Every structure is written in structure tokens, then in C-alpha cells.
Amino acid sequence: MSSNPLPEPMTWTVDVSLLGSPVVLRQTAGVFLVTFAVVSLFACGLFAVEGDWAGILPTLGVLALVHVGLVLGALAVMVLYFGNRIAMEFTVDERGVFSQVRDRKAHKASQLAVVLGLATGRFTVAGAGMLARSGASSFVPWKAVQRVRCDEARHTIHLDGGWRTRAALFCTPQNYHLARTWALRMCPST
């Protein structure tokens, strides 16, 4: 850390564009790609064990169509239900960065998924709702941040830890430079 005194801790709320943010789009695409890969490997493994090599390609085609449908459904939810925006709150202090979803629609949607999933016996839906609830807030300590990347055009600060982005600070035009000062002061090696 620098010998200069740290700025005052800061907290702000900002509406994050779901389709206009490369971070959100990358993470969403990653979730769908990993899901497709895992399900495809499992299905191919079952066909291979049965010796039904001819069934693998058509099954992969069906799985691809299902995942395309899921992606289109997710995009529709982002636009129609959330209005392409989700409210997030960020707090930056000497310990690290705390972020949480402040959007009431997001909390209601995850609660609804848990209740409907449990009521109908669709535990994957309930699990998705629980995952959404657990991901609604996160804390990243400064010691976990190895690199800071700043995107001034989008007022976004990426806090990288190893091979992945640990957090993205979505800032307002007014507080971007102060949040950037915090990040660069706490991670001087970047």
C-alpha cells in the first residue's frame, strides 16, 4: 500500500445494463457454455457406455437447440422482466469490495424459483434460485486481487485474481475516478 492516506470509504448504487455490459455478457455466456459442455459430456458418456455411437450426434444437436432456447429465454427475461437493468450497490473500504444486488425484482425472481422448484419437485429450478440468492452479494478482499483493469469509457473497474475477474465495480461517471484511486492504491503492483 502507498504511504498516502486512503480516501474515505465509499458506497454507491448504480443501475447495471445487463446486455450493454461485456462483463455480464461474458459471465452469462460462460454459464451457458459450461452447462452445455457438462450436459453434453454426460450424455456422450452414456451413449458411449451403451455403445450407441450413432446416437451421440443427434443428441448433441438436441442439446444445442435446448441451450439456444434457454439463452433466448434468458435474454427475454433480461429485457422484458428486468428492463435490461439491475440495481447494484458497492462498498469500497480498506478491507475490500462488497457488492450486492439491490433490485427487488431479482430477489423476487430467485425466491419464486426456489418456491416453485420445491413445490413442483423440480430441484434444478430450486437450485438455480438458491444459487441466484447466494450470488446476490459478494465480498472480495484486496489481498485476493492481483491486477486492476480500468475501463474508463464504461466506468468499470475489473478486479482480477489469477485467471478470472473476481469483481467488477460498475461506477457512475461521478465516482469512477475515486473508486479507481481506491483500487490502484490497494493494489499498487498493477
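Trainee: What should I know about the model before I start?
Mentor: It is predicted, so local features need pLDDT of at least 70 and side-chain atom pairs count only at pLDDT 80 or more, while totals for chains, interfaces and linings use all residues. Residues are numbered from 1 along each chain as its sequence is written, and side-chain values use heavy atoms, with hydrogens and water left out.

Trainee: Which residues of the largest nonpolar core touch the most other members?
Mentor: Trp12, Val92, Trp142, Ile157, Leu159, Leu169 and Phe170, out of 33 residues. A nonpolar core here is a set of buried Ala, Val, Leu, Ile, Met, Phe, Trp, Tyr and Cys residues joined through side-chain atoms within 4.5 Å. Buried means under 20% relative accessible area, exposed over 50%, and partly exposed in between, with a 1.4 Å probe and protein chains only.

Trainee: And which element gives the most to this core?
Mentor: Helix α5, with five residues. Helices (H or I, at least four residues) and strands (E, at least two) are DSSP runs, numbered from the N terminus.

Trainee: Which residues of α5 are buried?
Mentor: Tyr176, Ala179, Trp182, Ala183, Arg185 and Met186. Their cover includes β1, β2, β5 (147-151) and β6. Met186 counts as buried because its relative accessibility is 10%.

Trainee: What is Trp142 in contact with?
Mentor: Leaving aside neighbours within four places in sequence, its contacts include Val92, Leu159, Trp182, Ala183 and Met186. Contact means heavy atoms within 4.5 Å.

Trainee: Switching to the sheet: what is the strand order?
Mentor: β1-β2-β3-β4, an open sheet of four strands with antiparallel pairing. The edge strands are β1 and β4 (137-141), each pairing on one side only. Two strands pair if DSSP finds at least two bridges between them.

Trainee: How many bridges join β2 to β3?
Mentor: Five. As an example, Thr91 has Phe98 in β3 as its bridge partner.

Trainee: Why is the pair of Trp12 and Phe90 stacked?
Mentor: Because the ring centres are 5.5 Å apart and the planes are at 25°. Rings of Phe, Tyr and Trp (its six-membered ring) pair if their centres lie within 6.5 Å; planes under 30 degrees apart count as stacked, over 60 as edge-to-face and the rest as tilted.

Trainee: Which pair does Phe90 form with Phe170, tilted or stacked?
Mentor: Tilted, at 6.3 Å centre to centre and 55° between the planes. Phe90 in strand β2 and Phe170 in strand β7 are 80 residues apart. Trp12, Phe90 and Phe170 form one aromatic cluster.
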